[in-house]
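This report covers helix packing, strand pairing and aromatic pairs, in that order.

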Amino acid sequence: MATPSDFPPSPPDDKSPIPEVVTTPSPTPPTTEAQQASIAQETPKQQDSPPSVFKNSEPLREDQIQNAIKFLSHPRVRGSPVIHRRSFLERKGLTKEEIDEAFRRVPDPSPSSQPTVSTQDGQKAVSNVQPQGQVQAMQPAPVVMVPPPSLLSRFRWYHAALAVGVLAASGAGTAVFVKKSLIPRIKSWVRRIMLEEETDPLKKADAKPSLAEEAVAAAKAASAAASDVARVSQELMITKSEERKYFEDLTRLLGVQVQEMKSLSNNIRNLEGNYNNLPKVYSADQEVYGGGLVKTSAERRSYANGSNIDYDTRSARSASPPPAPPADSSMPPHPKSYMDIMSMIQRGEKPSNIREINDMPPNPNQQLSNSRIAPKTKPWDYGQAPQEENANGPWWQQKNPRSTDFGYETTASRSIGIPNETNTMEPAALPRQRSWVPPQPPPVVMTEAAEAIRLPKPQAKIDQEAAASDDQSGVSDELQKINKFSETGGDGSGNLQITEIQEEREQQQFSQEGN
Amino acid sequence: MPVFKAPFNGYSVKFSPFYESRLAVATAQNFGILGNGKIHVLELSPGLPGVTESVSFDTADAVYDVSWSESHDSVLVAAVGDGSVKIYDTALPPPSNPIRSFQEHAREVHSVDYNPTRRDSFLTASWDDTVKLWAMDRPASIRTFKEHAYCVYQAVWNPKHGDVFASASGDCTLRIWDVREPGSTMIIPGHDFEILSCDWNKYDDCVLATSSVDKTIKVWDVRSYRAPLAVLNGHGYAVRKVKFSPHRRSLIASCSYDMSVCLWDYMVEDALVGRYDHHTEFAVGIDMSVLVEGLMASTGWDELVYVWQQGMDPRAS
């Protein structure tokens with residue numbers, strides 16, 4: 001590494017214009033510099049002292065890679081977009097390196113064009129690789145916050161079922177109609193033939209029909225019949241298509257009617273709800289807004305007086321909470337007006353309260369006004385002067401004494417020894433922290449006892465002393481333990497000090513209990 | 001405790017890092033489905049009424065999130081539903097605002113977060129699956145991070161390392177990124193459902209919390225990310241936002257579609273330490289003040305913004 005002291009590192013991407021403010025002496029830049037020097041990002045190296053904790057430092061897991069290869073080799077998976085495959089593997093807990101390795105091993109016709117490998121043109125790779133089309137294909141309707149996959153599939157089934165139903169119904173309908181129209185047509189055709197046949201024998205009876213004439217007549221009849229059949233079949237086709245069109249129109253109209261009826265019933269329910277809830281909401285509102293509610297425009301102040309007109313419109317929009325949330329549904333009950341607006345959008349209508357607003361900057365080169373205050377240090381970057389609790393200050397500065405009484409800020413919880421606590425981050429000496437600070441070691445209460453602990457003495461004497469100071473036998477046991485520990489030779493003064501403090505604390509505790 | 005009634009449904013609330021009594025609220029008409037948006041800048045005052053609006057800005061589309069600048073006391077950044085990122089300067093008169101509008105995201109911008117350590121850049125997370133890095137003085141984004149397979153709901157800077165951030169996405173993963181690297185440095189498949197929010201522990205730079213549609217909040221340590229440190233249950237529906245306290249190491253605030261705001265201590269056996277049921281619709285925005293310990297604010301689709309001290313009843317007068 002050329003210049004170890006050279007903050008900021010010059011990254012291969014074009015991020016250097018952001019000046020690195022040297023307030024955070026983080027240990028990570030030297031390491032990442034080293035890692036950037038190597039091209040492959042997959043296997044982060046344990047160089048320099050602390051590797052960045054924000055990277056995976058685990059080696060590739062072969063079993064996971066094998067599972068991924070099996071997954072990727074499945075024919076159905078081959079047909080899915082690459083982004084889905086990656087997302088699935090990520091959700092299974094594979095690291096990026098393992099996923100890349102699996103993709104590399106599986107012969108893949110469409111190259112997995114993931115932007116992790118090269119660092120040189122990192123920015124371009126990151127932004128332009130994923131084909132938008134694949135991603136767009138996954139997007140459901142824009143704003144719905146509920147889990148989309150199930151909704152999407154539900155829509156698919158619903159659409160498919162509806163399509164099949166419509167097709168079957170139209171097919172059956174046309175079949176019925178055709179049959180109905182076919183039979184009378186056949187009958188009329190047969191009748192026509194019979195009439196011709198009747199007339200023919202009459203003609204023959206009148207004038208002696210010769211064979212030729214008969215043949216001619218038969219041929220004529222046959223041709224007439226054929227043309228008739230052709231005509232009839234044509235008409236049949238036309239009527240069939242017409243019938244189908246009519247049927248589809250009919251079903252569509254029916255659907256529209258159903259939707260209108262649904263919305264009507266919704267509105268009715270709304271109105272009923274409003275009528276029912278009007279007294280309740282009114283009184284609830286009184287208690288909520290009684291204490292100094294501020295409106296943005298003066299006209300809304302009449303609201304506080306409870307003008308009913310305002311009330312109806314308002315409660316129609318932000319409806320009262322649903323009467324009983326459904327037992328175990330995964331979808332939270334949306335407000336009724338939310339469903340109204342969603343259905344309005346789906347029908348293609350636009351809510352009427354939207355205004356045309358021009359929110360473009362009037363002067364795109366407008367200079368920022370100068371800052372009046374210097375940035376303040378954050379409470380977690382210690383060094384900030386403690387903010388005194390000011391009982392006379394504004395209400396928001398008055399710390400509620402109850403707020404600390406969450407019952408967890410006791411020495412017990414602190415001493416649990418959270419394995420992941422990095423002790424440097426929260427020094428006990430932080431003046432601003434209102435959390436637990438280790439108490440100062442209490443002054444030596446019994447100098448004789450303290451000396452007794454420091455200097456090895458026969459146990460009997462110490463027991464006597466302990467018994468003299470307190471009647472509880474537990475104390476003597478504790479003291480015995482402590483003395484034994486110190487007698488067997490602690491590691492040095494530090495240990496003795498600890499035992500002393502413990503002993504003193506116990507002394508204090510027991511003396512308190514005695515009181 | 002003061003309440004502010006907005007004309008539109010609330011989406012996000014943020015305290016100013018410069019002024020104790022100032023906060024910004026992002027709102028959207030028609031629940032953010034389709035309609036205009038509005039940003040309110042509110043001032044807390046000692047007497048009645050407890051909160052007043054000092055200025056507001058109208059936008060053509062819904063505003064989903066707002067973030068105060070850490071370098072200029074009067075500047076805020078807004079994440080707008082039409083994919084634009086707008087910068088407002090409250091020291092300039094409203095007709096001069098916004099001072100910038102960046103149109104790069106292909107879909108709604110769902111969150112914006114200003115860098116608290118470097119103070120010169122901010123991140124936006126969008127439903128177009130990308131996270132973008134911006135600086136105030138640049139006309140275009142500096143980086144685009146495109147790896148998520150679905151909407152990115154939030155991107156949050158690490159409070160100690162100015163180059164590291166985390167992103168929470170609808171593809172059910174949480175990713176850790178370093179702006180000096182071309183791609184994400186860690187992928188944590190945190191939940192089985194969409195992850196709606198994440199936030200770093202201000203006192204332990206390796207710990208962060210995620211909240212998800214599966215109604216839980218999980219606390220992770222990036223050094224052993226295979227299993228969470230804690231799983232916090234208690235919300236009845238999806239947890240929309242989660243926030244670590246700037247003053248207490250293990251205190252987490254969360255708001256949910258079950259209309260409640262909860263306080264948790266993830267290091268304790270019974271983690272739920274507080275619950276507020278003041279909202280009458282989905283509670284979607286929450287913030288804890290950096291300058292005043294214990295001061296919290298929340299907003300929801302009931303168009304109300306509450307500001308209160310922990311331990312008090314938000315609806316008390």
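## Helix packing in chain A

Helix α2 covers residues 62–73 of chain A and helix α5 residues 96–105 of chain A; they pack at an angle of about 50 degrees, with axes 9 Å apart. Axes are lines fitted to C-alpha atoms, for helices over the stretch in contact, and angles run from 0 to 180 degrees between N-to-C directions. The angle makes α2(A) oblique to α5(A) (under 35 degrees is roughly parallel, over 145 roughly antiparallel, 65 to 115 roughly perpendicular, the rest oblique).

On the α2(A) side, the contact residues include Ile65(A), Ile69(A) and Leu72(A); on the α5(A) side, they include Ala102(A) and Phe103(A). Contact means heavy atoms within 4.5 Å. By class, six nonpolar, two polar and four charged residues take part (nonpolar: Ala, Val, Leu, Ile, Met, Phe, Trp, Tyr, Cys and Pro; charged: Asp, Glu, Lys and Arg; polar: the others, Gly among them).

## Basis of the values

The model is predicted: local features need pLDDT of at least 70 and side-chain atom pairs count only at pLDDT 80 or more, while totals for chains, interfaces and linings use all residues. Residues are numbered from 1 along each chain as its sequence is written, chains are lettered from A and ligands numbered from 1 in the order in which they are written, and side-chain values use heavy atoms, without hydrogens and water.

## Sheets in chain B

Helices (H or I, at least four residues) and strands (E, at least two) are DSSP runs numbered from the N terminus; two strands pair if DSSP finds at least two bridges between them. One open, antiparallel sheet of four strands has the order β10-β11-β12-β13 (chain B). Its edge strands are β10 (109–114) and β13 (143–146) of chain B. Four bridges join β12 (residues 130–135) to β13(B), and Lys132(B) stands opposite Thr144(B).

Another open sheet of four antiparallel strands runs β18-β19-β20-β21 (chain B). β18 (195–200) and β21 (230–232) each have a single partner strand, so one side of each lacks a neighbour in the sheet. Five bridges join β19 (residues 207–212) to β20 (residues 217–221) of chain B, with Val207(B) partnered by Asp221(B).

## Aromatic pairs

Over all chains, 20 aromatic pairs are counted (Phe, Tyr and Trp rings, the six-membered one for Trp, with centres within 6.5 Å; planes under 30 degrees apart are stacked, over 60 edge-to-face, the rest tilted). Tyr338(A) and Trp301(B) are stacked, at 5.4 Å centre to centre and 20 degrees between the planes. Tyr338(A) lies in helix α12 (residues 336–347) of chain A and Trp301(B) in the loop between β27 (295–300) and β28 (304–309) of chain B, so the pair joins two chains.
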